[in-house]
Structures are given as C-alpha cells and as structure tokens.
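User: Could you take me through this one? I'd like to see how the pieces pack, one question at a time.

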Amino acid sequence: MSMIGAAGGSSQSTPPFHSASLYVGDLAPDASEGLLFEIFNTVGPVASIRVCRDAVTKRSLGYAYVNFHHVQDAERALDTMNYTLIKGKPCRIMWSQRDPTLRKSGVGNVFVKNLDASIDHKALYDTFSLFGNILSCKVATDERGRSQGYGYVHYETEEAAEEAIAKINKMTICDKEVYVGHFVRRTDRTGQSDWTNLYVKNFPPAWDDAALRKLFEPFGAITSCK
C-alpha cells in the first residue's frame with residue numbers, strides 16, 4: 001500500500017464516533033494517491049491518502065482512505081463530493097469505520113429489495129439519507145455493474161433504521177413496490193437448515209421445466225420445478 005502525506009498542523013482530536021477519515025470506494029484502477037490528493041485537497045487540508053493495493057501485484061483494490069486534518073472538512077467532502085466522477089467513475093464516500101464491533105453488530109443495518117434497475121448507489125443514498133447518518137450504502141451489482149435489484153444501507157443508529165423501514169417499506173419507487181426490512185445475516189436466519197428451495201439462474205433460454213427437472217433429479221426427489 002502506498003501513502004501520500006501533506007505537511008500541516010496537528011490533526012483535530014478524534015470525536016466520540018467519527019474521525020476525520022473517509023473511505024472512498026468504487027475507484028478506477030488507475031486512480032492514484034496524487035490524483036485523489038489533488039481532488040480532496042480542494043475541500044480542506046488533507047493529512048494523508050492511502051490507496052489500498054494487492055500485496056503481490058500492487059494493483060489498486062478500488063478503494064482508498066482519505067484523512068483530513070479536521071472533521072469539518074471530512075464532513076464537507078462527504079456532503080459535496082459523494083458520487084462525483086473520478087476517472088469517469090462515480091466514487092462512493094463513507095465514514096471510515098474501523099471499529100469491527102460496530103460493523104459486525106448488525107445495529108442499524110437495513111436490507112432493501114425489489115429495486116428498479118435505474119436505482120444506483122447515489123439514488124439509494126439520496127432516498128435513505130433523509131432518516132439519519134449513513135455509514136455505508138450500496139446497491140448489489142453483477143460483474144458488468146448492472147443492478148441485481150437489492151441493496152444495503154447501514155445507519156449510525158438503530159432509530160434511523162427503524163424510521164426508514166417504517167417510512168419506505170412498501171413505498172412505490174420507479175413503479176416498483178420496494179421491500180425494506182432489517183438485514184439478517186445468513187447464519188442468523190431461523191430454519192435455514194430446513195430450506196429445500198433452490199433458485200437457479202443463467203441457464204439456456206431454450207430450457208423448459210422438464211430440462212431443469214432432468215438436471216436436478218439425480219440429487220433427490222423434486223416436489224416442484226418451474
């Protein structure tokens with residue numbers, strides 16, 4: 001991982017929750033520390049920037065950490081630069097949350113599904129930021145960058161998550177009724193060991209129910225196949 005730093009005064013003391021550090025994701029492979037420094041230093045004095053890279057190939061992993069001297073500058077960057085284009089790609093900016101207990105606690109985590117294909121990270125963020133401070137927000141995409149119709153929003157507080165669920169669940173967005181609920185980890189889903197349904201995709205268009213059944217019958221009795 002390479003690092004670029006800027007000389008300056010001592011950084012502001014870390015507040016109870018936020019430092020002056022931002023996570024910047026969805027970066028182009030050739031977005032360098034120098035370029036990011038040039039961009040973010042227009043908001044306020046930057047203390048350091050680190051683009052995270054593969055330990056062997058040294059290629060960018062597509063995200064970086066931008067550290068400001070002052071929390072106010074980090075807040076301004078988050079408010080004004082989120083989803084702006086860097087090397088032709090909209091960057092995704094979040095507070096850098098390095099406390100694993102908060103990330104793994106599940107508190108404030110919301111799952112959103114049945115999203116229209118036109119809903120991207122920014123549209124999801126703009127919709128859900130009305131209810132509280134967002135730590136992370138992302139629409140799931142395939143290898144070509146196309147929406148898979150669902151996403152995740154992680155709020156700073158459980159109260160914000162509850163309000164978002166109450167206000168947006170079953171709301172129609174882009175002619176589709178969306179589902180919004182608490183995110184439940186796969187390992188915590190009750191009765192998962194008893195599930196007998198499979199979802200199959202990307203099979204040849206010419207296949208019918210019989211072809212699908214023929215493929216899966218060797219593994220056990222099938223009650224329905226459609």
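**Packing, piece by piece**

User: Which residues of helix 1 are buried, and within what arc do they fall?
Analyst: Glu33, Leu36 and Phe40 are the buried residues of helix 1, residues 33-40. Buried means under 20% relative accessible area with a 1.4 Å probe, protein chains only, and helices are DSSP runs of H or I with at least four residues, strands runs of E with at least two, numbered from the N terminus. Going by directions from the helix axis to the C-beta atoms, these buried residues line one face of the helix, because they fall within an arc of 65°.

User: What should I know about the model itself?
Analyst: It's a predicted model, where local features need pLDDT of at least 70 and side-chain atom pairs count only at pLDDT 80 or more, while totals for chains, interfaces and linings use all residues. Residues are numbered from 1 along each chain as its sequence is written, and side-chain values use heavy atoms, leaving out hydrogens and water.

User: Which strands stand at the edges of the open sheet?
Analyst: Four strands make up this open sheet, in the order 9-10-8-13 with antiparallel pairing; two strands pair if DSSP finds at least two bridges between them. One side of each edge strand has no neighbour in the sheet, because each has a single partner: these are strand 9 (134-141) and strand 13 (179-182).

User: Which residue of strand 13 stands opposite Val110?
Analyst: Strand 8 (residues 109-113) and strand 13 are joined by four bridges in the antiparallel sense. In strand 13, the residue opposite Val110 is His182.

User: Where does Ser60 sit, and is it buried or exposed?
Analyst: Ser60 belongs to strand 4 (residues 60-68). A polar atom of its side chain lies 3.0 Å from the backbone nitrogen of Gly62. Leaving aside residues up to four places away in sequence, Ser60 touches Ala28, Pro29, Val51, Cys52 and Arg53, contact being heavy atoms within 4.5 Å. With a relative accessible area of 18%, Ser60 is buried.

Notes: Buried < 20%, exposed > 50% of the residue type's maximum accessible area, 1.4 Å probe, protein only. Polar contact = N/O pair within 3.5 Å; in protein donor to acceptor, adjacent residues only side chain to side chain.
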